[in-house]
Amino acid sequence: MENLTILVVDDDPVIRRLLEQRLAKQSYVVSVAENGQQAEAALREQPFDVVLTDLMMPGGIGGIEVLEITKNLYPDTQVVLITAHSSIDSAVEAMKKGATDYLEKPINFDELFLRLDKIANVKTILRSAKDIEQAMTVTESAASETIQNLEMTVAKKQQLIDAVEDLLTDDTLPEDERIARAITILCENGN
Amino acid sequence: MLKIQTGELKVIAQYIHSVSGIYLDHSKSYLFETRLSSIAEKLGCASYQELYNKARSDGSKTIERQIVDAISTNETLFFRDKAPFELLQHKMLPEIIDARTPAAPNLKTPVKIWSAAASTGQELYSIAIIIKELVRDLPRYQFTLLGTDISDAALAQASYGKYNRFEIERGLDQRSLQRYFTLFGDSWKIKDEIRSMVSFRKYNLMQPFTGLGKFDIIFCRNVAIYFTLEDRKVLFNKIADSLADDGFLVIGSTESLTGVCPRFVPKRHLRTIFYQKS
């Protein structure tokens, strides 16, 4: 399984460094941003699997805005919010806006790693679902071409059979004439 | 997961066939198990025979509805397989509109379209979106866009017109999404201008068609594949009865009517096949 790429957004340098070190130790590919503006710049440069952002940050761009920017740019990116206990209500609000999860401060790293494992699993499942869907589309379009060609061929043969039947039962013509014409039609239209 | 016994397969398969027309292959016991085990377990049934007995004696038919919802496949996309919708836009709609436009300018042009296995509504809404974009002066027309399905759960979602991100992203381009849907939390809801063009009704394709009238265009895609050949013959014969003489039938791109219904002739338009009555 590929390692998740994670963007950590936190204005607190201690927490930022702690997260960066602990996550890197678990072999995640980590980038950091000090504030919302930096996060937006990083996101515009490249997509991340996960954005781990503080909910309350100084300046114009808080955690909710980071969430919105992320979801706007990459709907598949999972956003996990870090929040103080006092702002759990806003975290729940953020979940309604598409955040995957939230973690309370102080961060329990076992809990964080568990959530990230889950995100990685879902990502793998989604990717294999997409692969299967693509394979299905290819199979389906190949099958439909074959079936539709057969459908047209059979319909043409049926028309020919109907025409020959009409001819052979046409009382206004002498029998040998009917047979002769039927053979001509068959020869003209056979492969 | 509750295991199905060999002896139960036949009973359950016959029951499902009788209530839905869907034929499940006896050799595929996992199909029964994956779709029915949670219903059986929720009702506290120790076996599928018990589930069957409960469903049969349930006068409210709640269990029957749950079983039909679980068995019917609701996989569907907006504009699933672009070809039929291009066919609608470039051939079927223009021809039907030409043929139905009345001589008197004050009369409306009636056009009736049926999505016979509407599922969660994506096909019918796709049709409505095409009409909205193609037809300039909508009030001059009387469009009837009917979607039917056997599953209550699917119809409920169709009626509500709300889809999650996974359901909506596949098949729908950003422009149509923005124009015809409203973001609702994490889901998208069809706008009223499209919703009001369509209606949905519960309908079992295995029952006699009554009260539907004749349609100009019928979409019956990827539903007959779940029926036996005999049932398919009956179904397409009824569909032929319900289609106007110059009407169009569209079936799934991997389906065939050869040996099913001689009343229909396949015709090709660009890379797609449609059917008309012979």
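Glu8(B) sits in helix H1 (residues 6-20) of chain B. Helices (H or I, at least four residues) and strands (E, at least two) are DSSP runs, numbered from the N terminus. The model is predicted: local features need pLDDT of at least 70, side-chain atom pairs count only at pLDDT 80 or more, and totals for chains, interfaces and linings use all residues. Residues are numbered from 1 along each chain as its sequence is written, chains are lettered from A and ligands numbered from 1 in the order in which they are written, and side-chain values use heavy atoms, with hydrogens and water left out.

Glu8(B) is buried yet has no salt bridge. Buried means under 20% relative accessible area, exposed means over 50%, and partly exposed lies in between (1.4 Å probe, protein chains only). A salt bridge is a side-chain nitrogen of Lys or Arg within 4 Å of a carboxyl oxygen of Asp or Glu. The nearest side chain of opposite charge to Glu8(B) is Lys3(B), 11 Å away. For charge, Lys and Arg count as positive and Asp and Glu as negative; His and the chain ends are not counted. The side chain of Glu8(B) instead reaches backbone nitrogens, that of Tyr48(B) at 3.1 Å and that of Gln49(B) at 3.0 Å. Leaving aside neighbours within four places in sequence, Glu8(B) is in contact (heavy atoms within 4.5 Å) with Lys3(B), Ser47(B), Tyr48(B) and Gln49(B).

Over all chains, the whole structure holds 28 salt bridges. One of them joins Glu68(A) and Lys97(A), with the closest N and O atoms 3.4 Å apart. Glu68(A) lies in helix H3 (residues 63-73) of chain A, and Lys97(A) lies in the loop between helix H4 (88-96) and strand E5 (101-104), so the pair ties together parts that are 29 residues apart in sequence. Glu68(A) is partly exposed, at 40% relative accessible area. Lys97(A) is also partly exposed, at 45%.

In chain B, Arg221(B) forms a salt bridge with Glu123(B), the closest N and O atoms being 2.8 Å apart. Arg221(B) belongs to the loop between strand E7 (215-220) and helix H11 (229-241), and Glu123(B) to helix H6 (residues 122-134), so this pair ties together parts 98 residues apart in sequence. Arg221(B) is buried, with a relative accessible area of 10%. Glu123(B) is buried at 7%. Lys61(B) and Glu64(B) meet in another salt bridge, at 3.8 Å from N to O. Here Lys61(B) is partly exposed at 43%, whereas Glu64(B) is buried at 18%. A network of salt bridges links Asp76(A), Lys130(A) and Arg165(B).

The search also finds ten aromatic pairs over all chains. Rings of Phe, Tyr and Trp (its six-membered ring) pair if their centres lie within 6.5 Å; planes under 30 degrees apart count as stacked, over 60 as edge-to-face and the rest as tilted. Tyr125(B) and Phe200(B) form an edge-to-face pair, 5.7 Å centre to centre with 70° between the planes. The pair links distant parts of the chain, with Tyr125(B) in helix H6 and Phe200(B) in strand E6 (residues 198-202), 75 residues apart. Both residues, Tyr125(B) and Phe200(B), are buried. Trp114(B), Tyr203(B), Phe209(B) and Phe215(B) form one aromatic cluster.

In chain A, residues 5-120 carry the UniProt annotation "domain: Response regulatory", from an unreviewed entry. Over residues 5-120 the chain is 47% helix and 22% strand, and the end C-alpha atoms are 10 Å apart. UniProt positions are given in the numbering used here, feature names are shortened, and annotations may be inferred rather than shown by experiment.

Notes
A polar contact is a pair of N or O atoms within 3.5 Å; within protein, one must be able to donate a hydrogen and the other to accept it, and residues adjacent in sequence count only if both atoms are side-chain atoms.
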